[in-house]
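Let's walk through this fold with a few questions and answers. Here is what we're looking at.

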Amino acid sequence: MTEDRVAPALPEGRRAVLYALRRRGQASADDIARQLDMTVSGARQHLAALVDEGFAEATEMPRPPGQRGRAQLAYTVTDRADALFPKAYGELTNELLGYAAESDSGLVDTLFARRRDERIRHATERLARRRSLKSKVAELTRILDDDGYLATFEEPAPGVFRIIEHNCAIWAVAQRYGQACTSELDFIRAALPGAHVERVQHMVAGAPHCAYEVRARAATG
C-alpha cells in the first residue's frame with residue numbers, strides 16, 4: 001500500500017483563500033475579498049502565492065466592451081491542491097473494506113448501511129428544530145460541511161434548492177465502492193423526508209463536484 005500524501009502546511013490566510021476558491025469553483029480577487037472580508041490587494045497576494053505554488057491557476061476574464069485598464073483574472077484550484085483538502089484516509093479504509101469483503105461478501109454493504117443510518121440519526125436530531133424546507137437544507141448543508149464535504153447550497157428557483165459538495169471527503173473509497181455514493185444519496189433523502197432529492201452532478205462520473213437538487217414533494221389527495 002502506498003502512503004497517503006502529506007499535505008504541505010499553508011499560512012492561515014492563504015488556506016482560507018484556497019478553501020473559499022474551492023467552494024466557489026472560480027473566482028476573481030474581488031470575489032474572494034468580499035467573501036472573506038479582506039482587501040482586494042490582500043486577496044490578490046494570496047492568490048498569486050497559490051498560483052506560484054501550483055495550487056491555483058489564473059486565466060484572463062473577457063473584458064466588457066469599452067472597458068479599459070488591467071484585465072481581471074479568474075482563479076481556479078488545480079489538481080495539485082487536492083491533498084490540502086479534507087480526506088478520510090482513503091487507502092487505509094479501502095484496505096480494511098477489502099478484508100471485510102473477503103470475510104463476508106455482504107459485510108461491506110452492511111458497513112455502509114450502518115454508517116448511513118448513524119448519519120441519518122444525527123442529522124434527524126439537528127433538523128428536527130427546523131421548520132421550512134430552506135432552513136432544513138441550510139442545516140443539512142452545515143452538517144455536510146462539518147463532515148468535510150465543503151458543502152454550500154443555492155436556490156436557483158423559488159422552492160428549488162441545490163446542495164453542492166465541492167469536496168469528496170471519502171473520494172478514494174467512493175472511486176472503488178459504489179455503496180459510498182448510494183449511501184450518500186440515501187442519507188440526504190432520509191434527512192429530508194418531505195422533499196424530492198435527485199443527484200444532478202457526480203464527481204465519480206467526471207463532474208467537478210457532486211450536486212443534489214431538492215424540491216418539496218407535491219401535495220397529494
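**Inside the cavity**

Q: Which residues lie nearest the centre of the largest cavity?
A: The largest cavity is lined by 14 residues. A cavity here is a set of points on a 1 Å grid over the protein atoms alone where a 1.4 Å probe fits but cannot get out, and lining residues have an atom within 4 Å of a point. Nearest its centre lie Glu 165, Cys 168, Cys 181, Glu 184 and Cys 210.

Before going on: this is a predicted model, where local features need pLDDT of at least 70, side-chain atom pairs count only at pLDDT 80 or more, and totals for chains, interfaces and linings use all residues. Residues are numbered from 1 along each chain as its sequence is written, and side-chain values use heavy atoms, with hydrogens and water left out.

Q: Which element gives the largest share of that lining?
A: Two elements give two or more residues to it, helix H8 (178-191) and strand E6 (210-216). Helices (H or I, at least four residues) and strands (E, at least two) are DSSP runs, numbered from the N terminus. The largest share, three residues, comes from H8.

Q: Which residues of H8 are buried, and what covers them?
A: Buried means under 20% relative accessible area (1.4 Å probe, protein chains only). In H8 that goes for Ala 180, Cys 181, Ser 183, Glu 184, Leu 185, Phe 187, Ile 188 and Ala 191. Their cover includes helix H5 (107-127), helix H6 (133-149), strand E4 (160-165), helix H7 (171-176), strand E5 (195-201) and E6.

Q: Which members of the largest nonpolar core touch the most others?
A: A nonpolar core is a set of buried Ala, Val, Leu, Ile, Met, Phe, Trp, Tyr and Cys residues joined through side-chain atoms within 4.5 Å. The largest one has 35 residues. Those touching the most other members are Leu 140, Leu 144, Ile 188, Leu 192 and Val 214.

Q: How many residues does the other core hold?
A: Another core lies apart from the largest one. Its members include Ala 27, Ala 33, Phe 55 and Leu 150, and its count is 20 residues.

Q: Is Phe 85 buried or exposed?
A: Phe 85 sits in the loop between strand E2 (73-77) and helix H4 (90-103). Leaving aside neighbours within four places in sequence, Phe 85 is in contact (heavy atoms within 4.5 Å) with Leu 18, Tyr 19, Arg 22, Val 77, Leu 150 and Asn 167. With a relative accessible area of 3%, Phe 85 is buried.

How values were computed
On a 1 Å grid over the protein atoms alone, a cavity is a set of points where a 1.4 Å probe fits but cannot get out, and a pocket is an open set with protein on both sides within 12 Å along at least five of seven lines; lining residues have an atom within 4 Å of a point. Buried means under 20% relative accessible area, exposed over 50%, partly exposed in between (1.4 Å probe, protein chains only).
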